[in-house]
Amino acid sequence: MEQRIGSSSQPLEGAGFDPAFIPGLTSPASGRTEDEKPEKEPEVAEAEDAEETEGAEEAAPEPVEDAASEGGPVFEASDRRAKLVADHRGVRLSLDDQECEFRWDEIGAVETETARFGKRYTVTVHTPDRRWYPIEIEAPARSRFTEWDEQLDAVLDAYFEDAEPEGREEPRT
């Protein structure tokens, strides 16, 4: 008698497998990976490769605006894992392979904190929907904390508008 090794059940497809699956709008994710792509006929594969290279030439990336070209203040701090950039576009945080970007209209507050001992500089970005995104950067020396605070304050003063909501007036005394 011959026995099979492994499971005989088929992989799940649909909403039970892929939470982004919407019946009728998206097709179920197949269990295949990129390595298991079906073989194409040589003529078809060459034609598709030629189209991809032509499309890449036509869609050349536009030059990215450099923060220095804007002329305003820029704050940048980084260590071996984390990086923080604040400029005219907003605040960008990155830690290892994770990145997030906040435009100035998406930010409710920016808070800085220094460790009592050690060389960790923490910047926390607060959003209006009560979420916060902290990042810790290890400074080369504790003396950099005041320099970084001054640079970040200059950027916040230039780009961050802490406006009162409309219809709300200052109380009179």
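Is Phe102 buried or exposed? Phe102 is buried, at a relative accessible area of 7%. The legends below place this residue and others in a predicted model.

**Figure 1. Overview of the chain.**
The predicted model holds three helices and seven strands. Read from the N terminus, the elements follow the order α-α-β-β-β-β-β-β-β-α. The chain has 173 residues, and buried ones make up 20% of them. Take the contacts between residues at least 6 apart in sequence: 34% of these join residues at least 24 apart.

**Figure 2. The largest nonpolar core.**
This core has 23 residues. Phe75, Val91 and Trp104 touch the most other members. Six elements, namely β1 (75–78), β2, β3, β6 (120–126), β7 (132–138) and α3 (144–159), each supply at least two residues of the core. Helix α3 gives the largest share, six residues. A closer look at Val91 shows its contacts beyond four places in sequence. Leu84, Val85 and Ala86 are among them. Cys100, Glu101, Phe102 and Trp104 also touch Val91. Ile107 and Val125 complete the list.

**Figure 3. The Phe102–Tyr133 ring pair.**
The whole structure contains five aromatic pairs. In one of them, the ring centres of Phe102 and Tyr133 lie 5.0 Å apart. The planes meet at 45°, so this pair is tilted. Phe102 sits in strand β4 and Tyr133 in strand β7. The pair therefore ties together parts 31 residues apart in sequence. The two partners can also be compared by accessibility. Phe102 has a relative accessible area of 7% and is buried, because buried means under 20%. Tyr133 has 32% and is partly exposed, because that class runs between 20% and 50%.

Trp104 and Phe160 form a tilted aromatic pair. The distance is 6.2 Å centre to centre, with 55° between the planes. Trp104 belongs to the loop between β4 and β5 (109–114), and Phe160 to the segment after α3. The pair thus ties together parts 56 residues apart in sequence. Which residues form one aromatic cluster with Trp104? Tyr159 and Phe160 do. Trp104 is buried at a relative accessible area of 12%. Phe160 counts as buried too, at 19% relative accessibility.

Strands β2 (82–87), β3 (90–95) and β4 (98–102) each supply at least two residues of the lining.

Leaving out residues up to four places away in sequence, Ser94 touches Arg81, Ala82, Lys83, Glu99 and Ile135.

**Figure 4. Lys119 in the loop between β5 and β6.**
Lys119 has its place in the loop between β5 and β6. Lys119 is partly exposed, with a relative accessible area of 34%. Beyond four places in sequence, Lys119 touches Ile137, Glu138, Ala139, Pro140, Ala141, Arg142 and Phe145. Lys119 and Phe145 are 26 residues apart in sequence. Their C-alpha atoms are 8.5 Å apart in space.

**Figure 5. Arg130 in the loop between β6 and β7.**
Arg130 is found in the loop between β6 and β7. Its relative accessible area is 76%, so Arg130 is exposed. The class begins over 50%. Gly108 lies 22 residues away from Arg130 along the chain. The C-alpha atoms of Arg130 and Gly108 are separated by 8.6 Å.

Methods. Residues are numbered from 1 along each chain as its sequence is written. This is a predicted model: local features need pLDDT of at least 70, side-chain atom pairs count only at pLDDT 80 or more; totals for chains, interfaces and linings use all residues. Side-chain values use heavy atoms; hydrogens and water are left out. Helices (H or I, at least four residues) and strands (E, at least two) are DSSP runs, numbered from the N terminus. Contact means heavy atoms within 4.5 Å. A nonpolar core is a set of buried Ala, Val, Leu, Ile, Met, Phe, Trp, Tyr and Cys residues joined through side-chain atoms within 4.5 Å. Buried means under 20% relative accessible area, exposed over 50%, partly exposed in between (1.4 Å probe, protein chains only). Rings of Phe, Tyr and Trp (its six-membered ring) pair if their centres lie within 6.5 Å; planes under 30 degrees apart count as stacked, over 60 as edge-to-face and the rest as tilted.
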